[in-house]
Amino acid sequence: MQEVQDDLITRARAWLAEDPDPETAAELAELIEAGDTAGLADRFSGMLQFGTAGLRGELGAGPMRMNRAVVIRAAAGLAAYLKARGHAGGLVVVGYDARYKSADFARDTAAVMTGAGLRAAVLPRPLPTPVLAYAIRHLGAVAGVEVTASHNPPRDNGYKVYLGDGSQIVSPADAEIAAEIGRITTLDSVPRPESGWEDLGDEVLEAYLARTDAVLTPGSPRGVRTVYTAMHGVGKDVVTAAFARHGFPAPVLVAEQAEPDPAFPTVAFPNPEEPGAMDLAFATAAEAHPDIVIANDPDADRCAVAVPTEGGADGGWRMLRGDEVGALLAAHLVHKGARGVFAESIVSSSLLGRIADAAGLPYEETLTGFKWISRVEGLRYGYEEALGYCVDPEGVRDKDGITAALLVAELASELKEQGRTLTDLLDDLAMAHGLHVTDQLSVRVSDLSVITSAMAALRARPPVSPAGLRVVSAEDLSRGTESLPPTDGLRYYLEGDYKARVIVRPSGTEPKLKCYLEVVVPVAEASDLSAARTRGQEILDAIKKDLSAAMGI
C-alpha cells in the first residue's frame with residue numbers, strides 16, 4: 001500500500017512541476033502537502049479520455065480533470081494528427097464560451113497550433129458554438145475547436161473538435177487523435193509561443209448572421225412576440241441581432257439570465273430540460289404575455305420552446321419536448337417546399353419518418369449525436385430529441401440554436417396570422433400520423449459502475465412485456481445493425497393495444513443512463529386527443545416503472 005501511495009505522490013509532483021496554471025498548481029500542491037491520497041487518486045486514476053465528444057469533465061488539477069495541462073496535450077495531439085494528414089500550415093479556428101477557463105483553453109490551443117507550424121485564428125469573444133461551426137468552412141479551415149461544456153454543470157468544461165468539413169469528429173479520427181495525445185510525454189516538448197495567431201474581428205459573426213437569411217422565406221410573417229432566455233450563456237447578443245435583422249419584434253429578455261455567468265447562479269443545471277431551469281422565463285412570460293418562449297442552452301447550439309396553456313402548470317406555460325419541436329420544424333420545412341434528406345438519431349421520435357414519407361422525402365436514421373446526423377449525404381434537415389436542430393446544413397453542419405429559433409419564430413408568426421398556434425399544428429400532425437407520445441427515464445449517477453451493471457442486467461434478463469406490451473423485437477446495438485455501426489445501447493419494439501419503442505443507452509457527455517420511450521396512440525377524432533395524451537403518458541409511466549425494476553435502479 002505504501003508503495004502505491006509513494007507512486008501516486010511521485011506522479012502528482014511530476015505533474016505539478018509542469019502545471020502552467022497557478023490555480024490548479026496550488027490545488028495540487030495543497031493535496032500533496034496534506035497527504036490526501038484519496039483526492040490525488042481521484043485525479044490521477046487515469047487520463048480524461050478523448051473521444052467523439054472530444055473532452056468533457058470537471059475543472060481541476062491532474063489528468064482526470066479539465067485543465068490547461070490536459071488541454072495543451074489535447075491540442076498538441078490534434079496538431080500532430082492534422083500534420084500527419086498533410087495539413088501542415090493549415091488554419092485551425094478556435095472558439096470558446098464564457099465558462100471558467102474557456103478563454104485560457106482557447107489561447108493555449110492557439111499557441112499550440114502556432115508552435116506546431118499550423119495557423120490559428122481565435123474568435124473575438126465568447127460566442128455560440130454554431131458560429132464556430134460556421135467559421136470552419138467559411139474560413140477554409142482544416143479543423144476547428146470549440147471550448148465549451150454546453151449544458152453541463154458549472155464546474156465542467158469541454159473541448160469539442162471539428163474537422164475541415166465542419167462536422168464533429170467521429171471514429172476513427174477520435175482514436176487517432178487520442179493516440180497522438182498519448183505520445184505527448186511532457187509539456188516542455190510542446191512549443192507554445194506567446195503570439196503569432198490571429199485574433200478575429202466581428203467579420204465572421206457578421207457573415208454568420210448574413211447566412212441566416214437562407215433560413216427564412218422572403219416576405220414571410222414576422223409578428224410573433226417572444227420571451228427569450230440565454231440561460232446565463234452566450235446566445236443573447238446573437239439571437240437579438242438575428243431577430244432584428246429579420247424584422248421580428250425584439251425578444252423580451254429574462255433579465256436574470258441574459259448575461260454570461262459561469263456560475264449559472266439561478267439554475268441547478270443550465271439546461272432548459274432540467275426541472276426549474278425555465279422558472280424565471282415563465283415568470284417573465286407571465287408579465288410580458290408573449291406568444292412563445294424560446295431558450296438556448298449556454299453555448300446556444302440547442303433551442304427550447306414553450307407554449308401557453310390555459311390553467312396549466314408552470315404559470316400557464318408548457319415546455320415542448322424536443323421531439324415536438326422537431327416535428328413542427330419538419331412540417332414547416334415541408335410546407336416551405338424543402339427537398340433533401342430528413343434525418344434524426346435513433347433516440348428521436350419516429351414521427352419524423354412518417355412526415356418525410358408523407359411528403360415523399362428520403363429519411364435516414366443515425367446513431368446518437370450530430371456528429372452522425374451531419375454526415376448524412378444530401379441532408380436537408382436533421383434533429384435530435386435533446387433540443388438539437390440542424391435547419392441549414394449548408395451553413396452550419398451541426399445543431400444550431402440560433403437558426404432553429406428563427407425558424408420557430410417564422411412558423412409561429414405564420415400560424416398567428418391564421419389565428420392558430422404551434423399547439424394547433426401539433427394536433428394536426430397527431431390526426432394525420434397518430435399521437436406520438438415520448439418521454440425519458442434519465443438516471444444521473446456518481447458511480448459509473450451503476451450504469452454498467454444496469455446495462456448488464458438488461459442484457460442478461462431482457463424485459464418481456466413492459467406495461468403489458470409484448471416485446472416483439474430486441475436489438476443489442478453494440479453488435480451493430482444493417483444500417484448502424486456498433487454503439488452501446490439496447491432497442492426494443494413493443495406491440496399490443498399500442499405500438500411502443502424503448503432505447504436504453506449511457507449518455508456520451510454526462511454520467512447518466514438514459515432510456516428513451518415512445519408510444520403511438522391512434523387518433524380518430526380531434527375530440528379524442530386529450531384522452532389519447534392521457535393514455536399515452538399512462539403507458540410510458542408504466543414502461544418506466546417496469547424498466548427501472550428490470551435494470552435494478
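The buried residues of helix α8 pack against α6, α9 (236-245) and α15 (401-417). This is a predicted model.

**Helix α8 and its buried side**

- The buried residues of α8 are V204, L205, A207, Y208 and L209.
- Y208 has a relative accessibility of 1%, under the 20% cut-off, so Y208 counts as buried.

**Aromatic pairs**

- The structure holds six aromatic pairs.
- One of them joins Y134 and Y208: the ring centres are 5.9 Å apart and the planes stand at 75°, so this pair is edge-to-face. The angle is over the 60 degrees that edge-to-face requires.
- Y134 sits in helix α6 (residues 129-138) and Y208 in helix α8 (residues 203-211), so their pair ties together parts 74 residues apart in sequence.
- Y134 is buried too, because its relative accessibility is 10%.
- F342 and Y381 also form an edge-to-face pair, with 5.4 Å from centre to centre and 70° between the planes.
- This pair links distant parts of the chain. F342 belongs to strand β12 (residues 341-345) and Y381 to strand β14 (residues 379-384), and the two are 39 residues apart.
- F342 has a relative accessible area of 0%, so F342 is buried.
- Y381 is likewise at 0% relative accessibility and therefore counts as buried.
- The F342 and Y381 rings belong to a cluster: ring pairs link F342, Y381, Y383 and Y389.

**T109 in helix α5**

- T109 is found in helix α5 (residues 102-115).
- With 0% relative accessibility, T109 counts as buried.
- Its side chain makes a polar contact of 2.8 Å with the side chain of Y159.
- Leaving aside residues up to four places away in sequence, T109 touches V71, A75, V94, V145 and Y159.

- R222 lies in the loop between α8 and β7 (226-229).
- The side chain of R222 reaches two backbone oxygens: that of T217 at 2.9 Å and that of H246 at 2.7 Å.
- R222 and G247 are 25 residues apart along the chain, yet 6.3 Å separates their C-alpha atoms.
- Not counting residues up to four places away in sequence, R222 touches L216, T217, H246, G247, F248, P249, E410 and S413.

**The second largest pocket**

- The volume of the second largest pocket is about 630 Å³.
- Its lining has 25 residues. R318, R321, E324, V437 and R533 lie nearest the centre of the pocket.
- Which elements each supply at least two residues of this lining? They are β11 (317-319), α12 (322-335), α16 (422-433), β16 (435-444) and α18 (529-551).
- By residue class, the lining of the second largest pocket divides into nine nonpolar, seven polar and nine charged residues.

Methods:
Residues numbered from 1 in each chain as written. Predicted model: local features only at pLDDT ≥ 70, side-chain atom pairs only at ≥ 80, totals over all residues. Heavy atoms only, no water. Phe/Tyr/Trp six-rings, centres within 6.5 Å; stacked < 30°, edge-to-face > 60°. Helix = DSSP H or I, 4+ residues; strand = E, 2+ residues; numbered from the N terminus. Buried < 20%, exposed > 50% of the residue type's maximum accessible area, 1.4 Å probe, protein only. Polar contact = N/O pair within 3.5 Å; in protein donor to acceptor, adjacent residues only side chain to side chain. Contact = heavy atoms within 4.5 Å. 1 Å grid on protein atoms, 1.4 Å probe; cavity = no way out; pocket = protein on both sides within 12 Å on 5 of 7 lines; lining within 4 Å. Points joined across faces, edges and corners; volume = space filled by probe spheres on them. Nonpolar A, V, L, I, M, F, W, Y, C, P; charged D, E, K, R; others polar.
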